[in-house]
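Here are my notes on the model, point by point. Have it open while you read.

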Amino acid sequence: MRWHEITVLATESSQEMVTHYLTELGAGGVSVEEAWSEDKPRNTTYGEVYDTPLNDIRPGYAVFKAYFSEETKMEPIAIELKALLEGLPEYGFDAGEFTIEIGDVHEDDWADAWKQYFKPIAITERLTIKPTWEEYTPSEGELIIEIDPGMAFGTGAHATTALCLKALDHAIKGGEQIIDVGTGSGVLAIGAMKLGASKVLALDLDPVAVKCAQENIELNGYENDVEVRLSDLLGVLNERESTATAAVGVTPPVDLVVANILAEIILLFIGDVMEVLKPGGIYITSGIYKNKEMIVEAGLLAAGFEIIDVLRQEEWVAFVAGKPKGDGQ
């Protein structure tokens with residue numbers, strides 16, 4: 001099977017929005033290669049392995065490749081994408097002097113080629129993400145998250161996901177019921193279970209994500225403890241009101257909510273998060289580029305949350321917020 005390939009050169013700072021737009025336009029897979037140079041610092045705090053060769057991408061920019069089925073008409077997509085990227089300054093982003101190119105590629109040429117660059121990566125002192133095709137011997141006490149990202153979802157090594165996993169490592173004490181909003185490949189749900197959560201309800205509005213997450217959850221042996229559902233928090237709240245019960249027994253209020261999504265989306269459902277949390281519950285949210293930190297913080301505070309911690313990695317921010325213990329909503 002042949003696929004259409006769109007190649008976009010845009011600023012690294014617009015990465016989250018570019019990948020979001022490509023996915024929304026129907027991409028069946030998106031890859032990102034950032035600019036590297038010999039003097040660019042690389043974080044090896046937890047033994048990260050960087051096998052990606054150096055490239056000649058313009059400093060501060062990244063190359064995005066997105067794939068569309070061969071029956072897709074690409075010209076309208078390219079036109080719409082150009083308009084979306086030109087409109088990014090309205091949302092506080094800037095794609096810079098971006099370019100868009102259209103080409104074709106055979107499925108065998110790209111579906112597996114990227115796997116040579118995905119190696120086991122230690123996210124925290126306890127958590128390591130390992131691709132299914134790599135041999136790896138864990139050390140004593142090391143918790144391994146087995147992942148096959150599938151066509152459209154990340155490896156879990158992106159800064160936004162790493163921030164969530166680090167926050168979960170500190171927040172989970174054991175036995176928590178958790179809701180994972182925008183689960184993607186399911187890496188956060190699996191990580192939560194590895195860290196001691198009792199049950200997780202993983203939500204996503206993309207049916208491909210739901211399938212991918214379900215496969216990874218089964219791969220890690222948590223099919224009886226994690227339910228993946230095509231839904232969002234509002235859907236969960238409505239089901240609660242209609243007395244519906246989650247298959248694994250997770251029903252609001254819960255101990256913790258984690259969401260790794262765009263800042264603009266985070267702001268839309270802060271009230272829903274407050275409603276599904278127990279008093280004293282924890283909300284971990286990431287996917288926030290540094291220029292959106294203040295508005296997300298303001299939104300959390302306005303909704304009644306207390307800011308417990310702020311984590312930063314590269315240009316990204318994650319909040320750990322708490323629902324007041326005296327709040328009986």
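1. The side chains of Asn260 and Thr160 are joined by a polar contact of 3.4 Å. A polar contact here is a pair of N or O atoms within 3.5 Å; within protein, one must be able to donate a hydrogen and the other to accept it, and residues adjacent in sequence count only if both atoms are side-chain atoms. Keep in mind that this is a predicted model: local features need pLDDT of at least 70, side-chain atom pairs count only at pLDDT 80 or more, and totals for chains, interfaces and linings use all residues. Residues are numbered from 1 along each chain as its sequence is written, and side-chain values use heavy atoms, with hydrogens and water left out.

2. Staying with Asn260: this residue sits in strand β11 (residues 254-260). Helices (H or I, at least four residues) and strands (E, at least two) are DSSP runs, numbered from the N terminus. Asn260 counts as buried because its relative accessible area is 17%; the cut-offs are under 20% for buried, over 50% for exposed and partly exposed in between (1.4 Å probe, protein chains only). Setting aside neighbours within four places in sequence, Asn260 has contacts that include Thr161, Cys164, Gly182 and Ser286, where contact means heavy atoms within 4.5 Å.

3. Which residues carry the "binding site" feature in UniProt? The unreviewed entry puts that feature at Thr161, Gly182, Asp204 and Asn260. UniProt positions are given in the numbering used here, feature names are shortened, and annotations may be inferred rather than shown by experiment. Of these, Gly182 belongs to the loop between β8 (177-181) and α5 (187-194). Is Gly182 buried or partly exposed? Gly182 is partly exposed, at a relative accessible area of 27%. Beyond its neighbours within four places in sequence, Gly182 is in contact with Leu203, Asp204, Asn260 and Ile261.

4. A quick word on cysteines. Cys164 is buried, with a relative accessible area of 0%, and Cys212 is buried too, at 8%. If a disulfide is a pair of cysteine sulfur atoms within 2.5 Å, the count comes to zero disulfides.

5. Next, a sheet. β5, β6 and β7 make an open sheet of three strands, in the order β5-β6-β7, with mixed pairing. Why does one side of β5 and one side of β7 lack a neighbour in the sheet? β5 (121-122) and β7 (143-147) stand at the edges with a single partner strand each, so one side of each is left without a neighbour there. The pairing of β5 with strand β6 (residues 127-131) is antiparallel and runs over two bridges; two strands pair if DSSP finds at least two bridges between them. Ala122 stands opposite Thr128 in β6. Helix α5 packs on this sheet, touching β6 and β7, and its direction makes about 155° with that of β7. For that angle, axes are lines fitted to C-alpha atoms, for helices over the stretch in contact, and angles run from 0 to 180 degrees between N-to-C directions.

6. His158 is worth a click. It lies in the loop between β7 and α4 (159-171), and His158 is partly exposed, with a relative accessible area of 26%. Leaving out neighbours within four places in sequence, His158 is in contact with Gln15, Glu16 and Trp316. Both Gln15 and Glu16 are among the buried residues of α1. Helix α1 (residues 15-24) is mostly covered, with seven of its 10 residues buried. Just after α1, Gly26 takes a positive phi of about 110°.

7. Trp316 leads on to strand β14 (residues 316-322), where seven of seven residues are buried. Trp316, Ala318, Val320 and Gly322 point one way from β14, while Val317, Phe319 and Ala321 point the other way. Strand β12 (residues 277-289) runs antiparallel to β14 and is joined to it by six bridges; Ile282 has Gly322 as its bridge partner in β14. Strand β13 (residues 306-313) also pairs with β14 in the antiparallel sense, over seven bridges, and there Asp309 is partnered with Val320. The hairpin of β13 and β14 has two residues between the strands, and Glu314 takes a positive phi near 55°.
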